[in-house]
Amino acid sequence: MKINTPTYNKAFAEDVLKGLSDEKKHLSSRYFYDDEGSHIFQQIMEMPEYYPTNCEFEILSEQSEQILEQLNFNGKFNIVEFGSGDGIKTKQLLKTFLGKNADFTYVPIDISEEAILILEENIRVSLPEIKMNSKIGDYFDILADISKDETPNLFLFLGGNIGNYKKEDAIDLLQKFASGMKKGDKLLMGIDLQKSPRTIQKAYDDPHGITKAFNMNLLKRINRELEADIDLSQFDFYCHYNPENGEVNSYLFSLAQQSFDSKVLNRSFTFQKGETIWTELSKKYSFSEIEELAEKLDFKVLENFLDSKNYFTDSLWEK
Ligand code: AVJ
């Protein structure tokens with residue numbers, strides 16, 4: 001690798017190098033979300049086939065009063081949100097809580113300063129009376145600070161992002177959340193549920209090609225940021241839902257025997273015809289798996305708040 005090249009993201013370069021050097025090639029879905037990828041994800045959320053966003057919107061629009069009751073906080077509390085994004089769904093919950101005169105401070109955390117600035121503006125316009133204390137930075141650094149305080153916390157981890165983590169990694173992540181939580185603190189986590197395999201397959205293998213573009217953007221990023229010469233027309237996208245383990249696995253695969261070159265990584269990479277790059281896990285849970293996960297982490301599941309189709313849950317856990 002070149003040294004002294006401040007124009008590229010070091011973690012991205014290292015992970016691409018590792019992922020494309022392994023016997024079975026892989027790239028992390030964490031790298032989907034650059035500016036272009038975040039834009040494509042917005043389009044995914046607008047597709048009729050991609051049900052999770054609408055389901056969670058429905059849950060937070062219609063059941064936030066019950067969520068507030070279940071919290072059982074008397075007095076002030078914080079609502080700490082991990083990876084707040086555009087906050088459209090969260091706004092439904094905040095609006096209801098304000099209407100019920102709950103005494104809380106909203107603490108959105110995001111690594112992207114831009115995302116936080118947009119969110120702040122958005123919330124200030126629509127809910128001007130809210131107390132807000134945004135944080136830009138790493139979840140766990142900020143969590144360590146927050147946990148020093150006596151104030152009870154409701155943590156939000158919405159959108160179903162937990163689905164992107166393999167079992168051990170999910171446990172690891174939630175363990176880190178738990179380490180910043182006091183007894184009585186709550187976690188509200190969005191989790192996509194197992195359902196008709198056709199419904200799930202259609203949400204990821206969409207007929208518009210938007211999910212394909214979302215995955216192909218990883219290759220575009222490699223071209224742009226790692227000065228590579230990947231011929232995008234020589235790759236395609238494939239994904240598959242396995243109802244036996246609840247996993248959607250997504251791949252890019254090579255349409256030909258080919259190589260590309262990266263100037264930043266100072267290496268070339270070769271692909272056989274049909275060779276895959278694993279790009280994403282999107283795990284769908286059963287209720288018993290949710291229970292099992294909570295139990296392993298020493299949480300109590302207080303309630304699963306479901307949408308009317310029972311596709312998705314906002315699962316409320318107590319530490
Ligand atoms: C943002 C992780 C919840 O797994 O459903 C959407 C990302 N990937 N379509 C998901 C995604 C393909 C999404 N999450």
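Trainee: With its C-beta neighbours inside 10 Å counted, is Asp298 buried or exposed?

Mentor: Asp298 counts as exposed, because it has 10 C-beta neighbours inside 10 Å. A residue is called buried if 20 or more other C-beta atoms, placed from the backbone, lie within 10 Å of its own, exposed if 12 or fewer, and partly exposed in between. Before we go on, please keep in mind that this is a predicted model, where local features need pLDDT of at least 70 and side-chain atom pairs count only at pLDDT 80 or more, while totals for chains, interfaces and linings use all residues. Residues are numbered from 1 along each chain as its sequence is written.

Now find Asp298 in the loop between α11 (287-296) and β13 (300-306). Helices (H or I, at least four residues) and strands (E, at least two) are DSSP runs numbered from the N terminus. Asp298 is not a glycine, yet its phi is positive, at about 70°. Most residues other than glycine have a negative phi. Asn101 is another non-glycine with a positive phi, about 60°, and its place is the loop between α5 (88-99) and β3 (104-110). Asn101 is exposed as well, because 6 C-beta neighbours lie inside 10 Å.

For a contrast, follow the chain to Thr313 in strand β14 (residues 312-318). Thr313 is buried, because 24 other C-beta atoms lie within 10 Å. Beyond its neighbours within four places in sequence, Thr313 is in contact (C-beta atoms, placed from the backbone, within 7 Å) with Ile191, Leu193, Asn304, Phe305 and Leu306. Thr313 is also 8.0 Å from Met189, C-alpha to C-alpha, although the two are 124 residues apart in sequence.

Met189 brings us to the largest nonpolar core, which has 36 residues; Met189 is among those that touch the most other members, a group including Ile79, Phe155 and Leu187. Such a core is a set of buried Ala, Val, Leu, Ile, Met, Phe, Trp, Tyr and Cys residues joined through C-beta atoms within 7 Å. A second, separate core has 24 residues, including Leu27, Ile40, Ala203 and Ile222. In soluble globular proteins, nonpolar side chains tend to be buried together.

Let's step back to the whole chain. An automatic or database assignment gives domain 1 (10-49 + 199-283) and domain 2 (63-193 + 285-318). Their C-alpha centres lie 29 Å apart. Across the boundary, 6 residues of domain 1 are in contact with 5 residues of domain 2. On the domain 1 side, these are 1 nonpolar, 3 polar and 2 charged. Here Ala, Val, Leu, Ile, Met, Phe, Trp, Tyr, Cys and Pro count as nonpolar, Asp, Glu, Lys and Arg as charged, and the others, Gly among them, as polar.

Finally, look for the ligand. Residues around the ligand include Ile44, Gly159, Asn161, Tyr204, Phe214, Glu280 and Ser282; to be near, a residue needs its C-beta atom, placed from the backbone, within 6 Å. By class, this shell has 4 nonpolar, 7 polar and 1 charged residues. Both domains give residues to the shell, so the ligand lies between domain 1 and domain 2.

Terms used: Contact = placed C-beta atoms within 7 Å.
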